[in-house]
Amino acid sequence: MTAYEKLKAARASDRPKGSDFVRGLFRDRVELCGDRRYGEDPSIVAGIGYLGDRAVTYIAIDKGADMADRMKKHFGCPMPEGYRKALRLMKQAEKFHRPVICLIDTLGAYCGAEGEERGQGLAIAENLTEMMGLRTPILSVVIGEGGSGGALALGVADRVYMLENAVYSVITPDGCASIIWKDAGRVQDAAECLHITAEDMVSFGVAEGIIREDFGAFDRMCGQMRTLLSRDLGVLCARPVKRLLAERYRRFRRIGIYEESEAIEH
Amino acid sequence: MRNPFRHLPQGRPFGNEEYELTCPSCRTVHRRSELLTSGFFCPSCGAMLRIPARDRIRLLADEGSFAELNAGISSLDFLGFPGYREKIDKARAATGERSAVVTGVMRVEGQPCAVYAMDARFIMASMGAAVGEKITRLFEYATKMRLPVLGVTCSGGARMQEGIVSLMQMAKCSGAVRRHGDNGLLYMVLLTDPTTGGVTASIAMQGDIILAEPGALVGFAGRRVIEQTTGATLPPDFQTSEFLQNHGFVDMLLPRAEQKKTIGLLLRQHGKEAAV
């Protein structure tokens with residue numbers, strides 16, 4: 001599949017959503033709401049449940065099932081209070097030594113006046129620094145769209161996985177096409193140029209692995225995901241916190257391609 | 001206090017080369033020498049102009065105190081993104097810089113600090129791998145040397161021509177900011193026009209103290225994008241420094257004439273002698 005075909009697959013309305021993965025992956029769940037600051041953002045579905053035998057905190061971006069649900073969840077574009085709710089539950093997980101599992105599926109953070117008034121930039125920025133220092137393991141899976149800073153705000157993890165046709169991008173290919181070519185119709189070209197596929201993420205060191213999609217046998221697929229994530233948590237939970245944080249730091253520290261020369265004559 | 005400036009290579013301290021800036025308000029072209037005298041307000045119409053990074057540092061630093069770090073890092077077109085190579089070459093030729101940020105150490109009113117200043121003339125000071133690496137190294141250096149950091153931000157956001165690698169710079173820098181803070185060190189931000197997108201959603205909002213130039217545009221999503229997607233009519237002061245302060249996101253509006261004195265005072269309050 002081309003990058004654009006994957007983008008379309010990642011956005012398909014019949015693709016399983018965050019809530020579907022929450023139901024498929026975690027049992028004996030209790031959903032928790034609110035950021036304790038301003039409000040409750042239904043675009044982020046979060047709580048405590050069991051991954052196999054292990055209690056975990058799950059945080060999933062949910063695009064919504066039908067039109068009414070999608071409107072309520074502003075199409076999976078979280079508000080600042082959504083990111084603050086996620087952070088509150090991550091801090092709670094840290095207190096009780098529970099690992100955190102984030103499921104990412106968003107076009108990007110909510111883009112609107114209310115978001116700006118309530119500090120969308122700050123909300124994301126705080127998640128980045130807090131996740132960098134969170135003293136419990138974090139796993140993130142991009143299950144559909146990984147849209148820019150709004151996805152990264154749940155993506156500062158010890159390991160990141162991509163679903164086979166999930167995409168992860170610094171800007172939506174649509175937005176990129178509008179800026180570069182002043183033509184949103186050139187989204188196919190933009191999707192190629194931006195390198196947004198799961199394979200690209202592995203090659204840049206942005207993701208550790210790719211999870212095969214089998215939505216026809218969704219329960220079985222979730223079972224395989226559970227095995228993968230449980231195995232990782234087994235390793236990460238046994239690690240001293242100091243080493244866990246040092247490796248999380250290094251995981252992001254090494255990403256970057258640039259030129260370096262000593263001569264600075266002009 | 002240890003001398004943070006020892007063993008530093010002496011980089012190009014300040015751009016002495018002449019450049020010109022066009023006032024976006026009245027379109028008059030001014031030479032650098034005129035602008036240094038006017039404090040980068042348009043001598044013709046009084047509009048506030050964006051200050052190139054090296055001169056921004058010059059206006060804040062005690063004379064002769066700035067030493068540059070990691071000047072040799074520059075951007076690469078590693079994705080072969082259409083037009084990017086040309087954009088880099090053009091920006092380098094126009095500014096004499098190798099990347100969109102200048103980093104180093106300086107003294108302000110006698111107080112030592114690490115500093116980064118972003119340069120809007122260089123591809124809108126968007127944050128790619130070169131900018132991310134330089135800022136990360138600066139925070140790591142400041143952590144090692146136990147120096148506070150002053151960041152002067154202005155940016156169009158992440159550099160899309162570097163794809164996902166540019167997005168990851170937000171996380172990379174955030175890690176270095178976090179480590180610096182965990183060591184009890186001060187990070188101060190001065191928001192300048194325009195600070196937007198991924199930079200707002202990372203380093204610009206992570207300061208212990210956030211200062212802003214009056215009238216600067218500071219926001220996450222672009223005004224036009226918000227108007228187009230939501231159909232909302234936005235107030236004229238939307239996403240200005242004043243708007244941010246009214247909503248509780250900025251400590252203080254700091255006009256250019258007062259910056260050096262106030263930043264120097266804040267550095268002194270957090271310096272070694274403050275604890276005595």
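In the predicted model, chain B is assigned two domains. Domain 1 spans 16–49, and domain 2 spans 51–275. The C-alpha centres of domain 1 of chain B and domain 2 of chain B are 22 Å apart. Each of these domains supplies six residues to the contact between them. On the side of domain 1 of chain B that touches domain 2 of chain B, four residues are nonpolar, one is polar and one is charged.

The contact between chain A and chain B was examined next. Chain A contributes 47 residues and chain B contributes 53 residues. Helix H6 (residues 120–133) of chain A provides the largest share of the chain A side, with nine residues. The side of chain A that touches chain B comprises 26 nonpolar, 14 polar and seven charged residues.

H6(A) packs across a helix of the partner chain. That helix is H5 (residues 163–182) of chain B, and the two axes come within 8 Å. The axes cross at roughly 65°. Angles of 65 to 115 degrees count as roughly perpendicular, and H6(A) and H5(B) are therefore roughly perpendicular to each other. The crossing of H6(A) past H5(B) is right-handed. From H6(A), the residues in contact are Leu128(A), Thr129(A), Met132(A) and Gly133(A). They meet Met170(B), Ala171(B), Ser174(B), Gly175(B), Val177(B), Arg178(B) and Asp182(B) in H5(B). By class, this contact of H6(A) with H5(B) holds five nonpolar, four polar and two charged residues.

Strand pairing also links the two chains. Strand S9 (residues 258–260) of chain A is joined to strand S4 (residues 73–75) of chain B by three bridges. S9(A) and S4(B) run antiparallel. Within S4(B), Ser74(B) is the bridge partner of Glu259(A).

Further strand pairs lie within chain A. Strand S1 (residues 27–31) of chain A pairs with strand S2 (residues 44–51) of chain A in the antiparallel sense. Three bridges connect S1(A) and S2(A). Arg27(A) is set opposite Tyr50(A) of S2(A). S2(A) is also joined to strand S3 (residues 54–61) of chain A, here by eight bridges. This pair again runs antiparallel. Leu51(A) has Arg54(A) in S3(A) as its bridge partner. S2(A) and S3(A) form a hairpin, with two residues between the strands. In the turn, Gly52(A) has a positive phi of about 65°.

How values were computed:
Residues numbered from 1 in each chain as written. Chains lettered and ligands numbered in written order. Predicted model: local features only at pLDDT ≥ 70, side-chain atom pairs only at ≥ 80, totals over all residues. Contact = placed C-beta atoms within 7 Å. Helix = DSSP H or I, 4+ residues; strand = E, 2+ residues; numbered from the N terminus. Nonpolar A, V, L, I, M, F, W, Y, C, P; charged D, E, K, R; others polar. Pairing = 2+ DSSP bridges. Domains from an automatic or database assignment. Axes fitted to C-alpha atoms, helices over the stretch in contact; angles between N-to-C directions. Parallel < 35°, antiparallel > 145°, perpendicular 65-115°, else oblique. Left-handed = near helix turned anticlockwise from the far one by under 90°.
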